[in-house]
Amino acid sequence: GKTGTNNTDSHMKRKINHIVNLVKNASRKKLIVGAIILIILGYFFFFRGSTSTSGLTTVEWGTVKQEINITGNTKPLESVNLAFEQSGRIAEASVRVGSRVSPGQILARLDQDQLFAERAGQQANVESEEATLEEMKKGSRPEDVQIKQAALATANQYLDSKYQELLDTLNDAYIKTDDAIRKQLDSLFTNDEESNVQISFSVSSVQVESDLEGGRLLASVHLSAWKKELAGLLNSNSKTDLDKAVANASQKLSSIRDFLGNLMSGLNGSNSSSNPQIETYKTNVNIGRTNVSAALMSINGATQDIAAQKLTIKQSEADLNKTLAGNTPQSITAQAAKVKQAQAQVQTIDAQIQKTILRAPFFGVVTRQDAKVGEISSPNTPVISLISEGKLEIEANIPEVMGTIR
């Protein structure tokens, strides 16, 4: 033990003294080498010889733990209150308080009859637009061209028949107007077809008398010109001549109708006590006015029918030209857009239908159920509540300092 250590130290000292004696007798070069050796020996002597290990320990990885006791309240990990986004009559309520539900399960539903009816109509529109698009992509077929040509021919034939009816309408209008002027007013005027026509009753003023006599003379002129024009139409198949004759007839009828109105005003201003025929005259004028109004109405109706048929012919011509030319890429693109628009309408209704359904968002238990079949539900008013099943958490207050960790 201790004796061994002292012997080692004495031995080392003798070695050092021996080295020092050698250095004293060595050359300069040998002195340098000796210094290096001396340093090495000093390291071994002072550091290697020191074997004390007091105050040192080994560091290892581990877990520092501290156990604490706390109290708290348990609560579900998930909870939700469900409400409809829109108002409506509740048609189904398939759960009750305490029911266990799974994700996607229907809990309640509003009445959907109207929405499904609207969807059916929109779906039919989608199918119609899709069929039109497919036909446009196929292009024009010979049978399609024939159909359009037949439609145009039919439209022209119908217009010809309308013009033939128009000639009959003009003749009928002339007969009614001639009866109103030359028969119903025969007793109200003398020299009816002469230039010096005169009224057969007294009126309020000379000006009124002159106006009425002038009106009667002009009516005769209109009737004579009208009769001559109708005779010329019997030998003409020109639609242009018929259109012109209709315009002239309308002007004549309007003029004669105004004359009859003025005549009635003159009779109303006449003294019936001095002429007992005044009331009879009024009756005759009213008959004439009724006939003239009916004639004017029939001509206007025939004119409107012809104008409408001409528009039909133009449309038929356009349809035929379109069929012959085929569908352009632009028209096909436009039709495809109509299809997408119709499909979007269906998707919109589907979204509205989904808003009438309450579904469970997770596995849970019903804690509230206020949805009653037949009642009207208000939007955004909770009717069903859920909590998660089997997933709970503890809510507790833990102080920041729980003592010294040991």
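The expected span here is 1.5 Å times one less than the number of residues. Helices (H or I, at least four residues) and strands (E, at least two) are DSSP runs, numbered from the N terminus. The model is a predicted one, in which local features need pLDDT of at least 70 and side-chain atom pairs count only at pLDDT 80 or more, while totals for chains, interfaces and linings use all residues. Residues are numbered from 1 along each chain as its sequence is written, and side-chain values use heavy atoms, with hydrogens and water left out. Just after α7, Gly 326 adopts a positive phi of about 80 degrees.

With 30 residues (239-268), α6 reaches 43 Å from its first C-alpha to its last, close to the 44 Å expected at 1.5 Å a residue. At the start of α6, a side-chain oxygen of Ser 238 comes to within 3.3 Å of the backbone nitrogen of Thr 240.

Next comes the packing of α6 with other helices. The axes of α6 and α7 (residues 278-325) come within 9 Å and cross at roughly 155 degrees. That angle makes α6 roughly antiparallel to α7. Axes are lines fitted to C-alpha atoms, for helices over the stretch in contact, and angles run from 0 to 180 degrees between N-to-C directions; angles under 35 degrees count as roughly parallel, over 145 as roughly antiparallel, 65 to 115 as roughly perpendicular and the rest as oblique. The crossing of α6 past α7 is left-handed, a term for a near helix turned anticlockwise from the far one by less than a right angle. The residues of this contact divide into 15 nonpolar, 9 polar and 5 charged (Ala, Val, Leu, Ile, Met, Phe, Trp, Tyr, Cys and Pro count as nonpolar, Asp, Glu, Lys and Arg as charged, and the others, Gly among them, as polar).

Helix α5 (residues 206-233) also meets α6, with axes that come within 10 Å and cross at roughly 160 degrees. Hence α5 is roughly antiparallel to α6. The residues of the contact between α5 and α6 comprise 13 nonpolar, 6 polar and 5 charged, and the crossing is left-handed.

Turning to the strands, an open sheet of 4 strands has the order β2-β11-β9-β4, with antiparallel pairing. Two strands pair if DSSP finds at least two bridges between them. The edge strands, each pairing on one side only, are β2 (79-82) and β4 (100-101). Between β2 and β11 (residues 384-388) there are 4 bridges in the antiparallel sense, and Val 80 has Leu 386 of β11 as its bridge partner.

Another open sheet of 4 strands runs β8-β5-β3-β10, again with antiparallel pairing. Its edges are β8 (357-359) and β10 (376-377). Strands β3 (residues 88-93) and β5 (residues 106-110) pair over 3 bridges; Glu 92 is partnered by Arg 109, and Ile 90 stands opposite Leu 110. On β10, Ser 377 stands opposite Gly 88, and 2 bridges join β3 to β10.

Technical notes. A polar contact is a pair of N or O atoms within 3.5 Å; within protein, one must be able to donate a hydrogen and the other to accept it, and residues adjacent in sequence count only if both atoms are side-chain atoms.
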